[in-house]
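This report describes a two-chain protein model, taking each chain in turn and then the contact between the two. The sequence and structure come first.

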Amino acid sequence: MLTVEKLESGYGESAVLRGVTLQVRPGQVVCLLGRNGTGKSTFVKSVMGVLKARGGTVSYGGRDLTRKAPGERARSGIGYVPQGREIFGQLSVRENILIGLEAARGKRRGDDIPPAAVERFPVLPTMYGRRGGDLSGGQQQQLAFARVLAAEPELLLLDEPCEGIQPSIVDDIRDVIRSIKSDGRTAILLVEQSLEFVRSVADYVYILEKGAIAWQGELEALDDETVRRYLTV
Amino acid sequence: MDVFWLQLFNGISVSSILLLIALGLAVTFGQMNVINMAHGELIMVGAYATYMTQKLFQSYLPASWFSQYFLLSIAASFAAAFLIGLLLEKTLIRFLYGRPLDSLLATWGVGLVLQQLARSIFGAPNVGVKSPSWLEGGLSVTQGLVLPYKRLFILALVAVCLLAMFLYIYRTTAGRRMRAVMQNRDMAACLGISTRRVDSLTFAIGSGLAGIAGCALTLIGPIGPTIGTYYIVDAFMVVVLGGVGKLVGTVFGALGIGMTNTLFEYWTTASLGKVLVFLCIVAFLQWKPKGFVAMRTRSLD
């Protein structure tokens, strides 16, 4: 479904990714691991199109997206929850979710929030009128999920969804990711620090080091030796 | 006392025109970080569109219809400026997003070209637009205080534009997209918004508003190729003073500059008044560098 080949990308003069090849199949949960600064977020941003690729290709569902704008990638079915959530602070919670509907391909435009988007977050409908910027970090993270789920994406890019939020909500978010996985309709590319959580959801694992894939394999193959070598700080 | 009230009314009237001009500037500057020096020439486009509508009515339509031309000319001036704005955005501005200094120079050049174009087509001297008969005269409040209908009409026109803008930005889907792009361009794009389309539309609407301002200016005096340059500096002051990103800020900015301008000129002289206004602005920006209304949100992490 998502096929990334020899992707090169970076900021300004510095190259961060040096030829990353990765695949996500429909319904699969793929985890991208690596120490800080190895290029995990850069990779996700390049897949989404926020950063322009300098080499290689990104294709999705057989279509080459390498030169397409982020908006078009979103409309073709890729949903993105960025690191730091990036909620529209001045828009109401309701409006934030409605913006998420922009990516819905024709079918679900308009001013109605699809119930499926918020069914996992019962707290959100109670604060539709509040500004996104006034929510707590954990609530914003839930909003970021509801916003992206509104368009029913077939692939979710999650960039450290549990970073920097209170522990009680971390568990909620993890339950949400598990429930998306068990629905089986949405594939997930997950960047995550917690190995314990990765072990509970991942199907396939890639490990980045110095902007290249250093290790890949099924979850079962991820042994302690590999973890020590590539992930222990 | 009547003179004071009249000055106050004039102040509000000047503010309203400034507001109309600054609205367009505020959205383009706020959303795209482009300083559009050609905005003044879009005012001129609107003014000449009104002039053309008048000519057409005089030449081709029965004289009894003439008094109605002005209503049509409002639409015509909006449409003309909207289209030229759209063309400008598609061919030039979109290459300059996020580069305020480059955009300033480039659009200034475009402004000069447009001015010269107007000189070639309509001639260098100012032309007059005949106001419709139903706007002659004024409303007598007291013996010495007469409020001209033209000024009242402009006030109403600005109020309608402001309301329309407010509804557009805060109540429609397109407005929601616009606000999302203004706040976080990258994220808006990642959620499926075509930022390019939002940008062109926003720029064109801002230009259209300048066109309506040009139409309103034909009621006040003769129009010429440089009509826009008289207003553009003040309009930029309004944007800076009001703060970027909120309509309310622009309203306050326009009222602030329009009122102080008129009152200072009344109390002192025209040039000294202007100096005092600029001194006030400099002092105010020292105190509040982001203007009246700055975008604030709860900062996290």
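## Chain B: burial and overall form

In this predicted model, 48% of the 301 residues of chain B are buried. The accessible surface of chain B is about 13800 Å², and carbon and sulfur atoms account for 69% of that surface.

A compact globule of 301 residues would have a radius of gyration near 19 Å, and the 20 Å of chain B therefore agrees with that expectation. Along the principal axes, the C-alpha atoms of chain B fill a box of roughly 65 × 50 × 35 Å.

Chain B is built from eleven helices and two strands. Read from the N terminus, the order of elements is α-α-α-α-β-β-α-α-α-α-α-α-α. Of the contacts in chain B with a separation of 6 or more, 76% are between residues 24 or more positions apart.

## Helix 8 of chain B

Helix 8 of chain B covers residues 195–217 and contains B:Thr202. B:Ile212 is placed in helix 8 as well. B:Thr202 has 3% relative accessibility and so counts as buried; the cut-off for buried is under 20%.

What does B:Thr202 contact, leaving aside its neighbours within four places in sequence? The partners are B:Val27, B:Gln31, B:Met32 and B:Met178. For B:Ile212, not counting residues up to four places away in sequence, the residues touched are B:Leu20, B:Ile74, B:Ser77, B:Phe78, B:Leu157 and B:Cys161. The C-alpha atoms of B:Ile212 and B:Val45 are separated by 9.5 Å, although the two residues are 167 residues apart along the chain.

## Chain A: overall form

Chain A has eight helices and ten strands. For 233 residues, a compact globule would have a radius of gyration near 17 Å, and the value for chain A is 17 Å, which agrees. The C-alpha trace of chain A spans about 50 × 40 × 35 Å along its principal axes.

Of the 233 residues in chain A, 58% are buried. The accessible surface of chain A is about 9600 Å², with 46% of it belonging to carbon and sulfur atoms. Chain A has 31 positive and 30 negative charges, with mean positions 5 Å apart. Among contacts between residues at least 6 apart in sequence, 66% join residues of chain A that are at least 24 apart.

## Chain A: helix 1 and backbone details

Helix 1 of chain A, residues 40–48, is mostly covered, with eight of its nine residues buried. The buried residues are A:Lys40, A:Ser41, A:Thr42, A:Phe43, A:Val44, A:Ser46, A:Val47 and A:Met48. After helix 1 comes A:Gly49, which has a positive phi near 100°.

Most residues other than glycine have a negative phi. A:Glu152 is not a glycine either, and its phi is positive at about 50°.

Both of these residues are in loops. A:Arg85 sits in the loop between strand 6 (78–81) and helix 3 (93–100) of chain A, and A:Glu152 sits in the loop between helix 5 (137–149) and strand 7 (155–159) of chain A. With 2% relative accessibility, A:Arg85 counts as buried. A:Glu152 has a relative accessible area of 38% and is therefore partly exposed.

## Contact between the chains

The size of an interface is often given as the accessible area lost when the parts come together. Chain A and chain B bury about 2300 Å² between them, and 52% of this area is on carbon and sulfur atoms. On the chain A side, A:Phe88, A:Gln90 and A:Glu102 lose the most area to chain B, together 26% of what that side buries. In terms of residues, 32 from chain A are in contact with 24 from chain B.

Conventions
Residues are numbered from 1 along each chain as its sequence is written. Chains are lettered from A and ligands numbered from 1 in the order in which they are written. This is a predicted model: local features need pLDDT of at least 70, side-chain atom pairs count only at pLDDT 80 or more; totals for chains, interfaces and linings use all residues. Side-chain values use heavy atoms; hydrogens and water are left out. Helices (H or I, at least four residues) and strands (E, at least two) are DSSP runs, numbered from the N terminus. The radius of gyration is taken over C-alpha atoms; the globule rule is 2.2 Å times the number of residues to the power 0.38. Buried means under 20% relative accessible area, exposed over 50%, partly exposed in between (1.4 Å probe, protein chains only). Contact means heavy atoms within 4.5 Å. Accessible areas come from the Shrake-Rupley method with a 1.4 Å probe; for residues, only the protein chains shown count as cover. Lys and Arg count as positive and Asp and Glu as negative; His and the chain ends are not counted. The place of a charge is taken as NZ of Lys, CZ of Arg, CG of Asp or CD of Glu. Buried area is the accessible area (1.4 Å probe) that two parts lose on being put together, summed over both.
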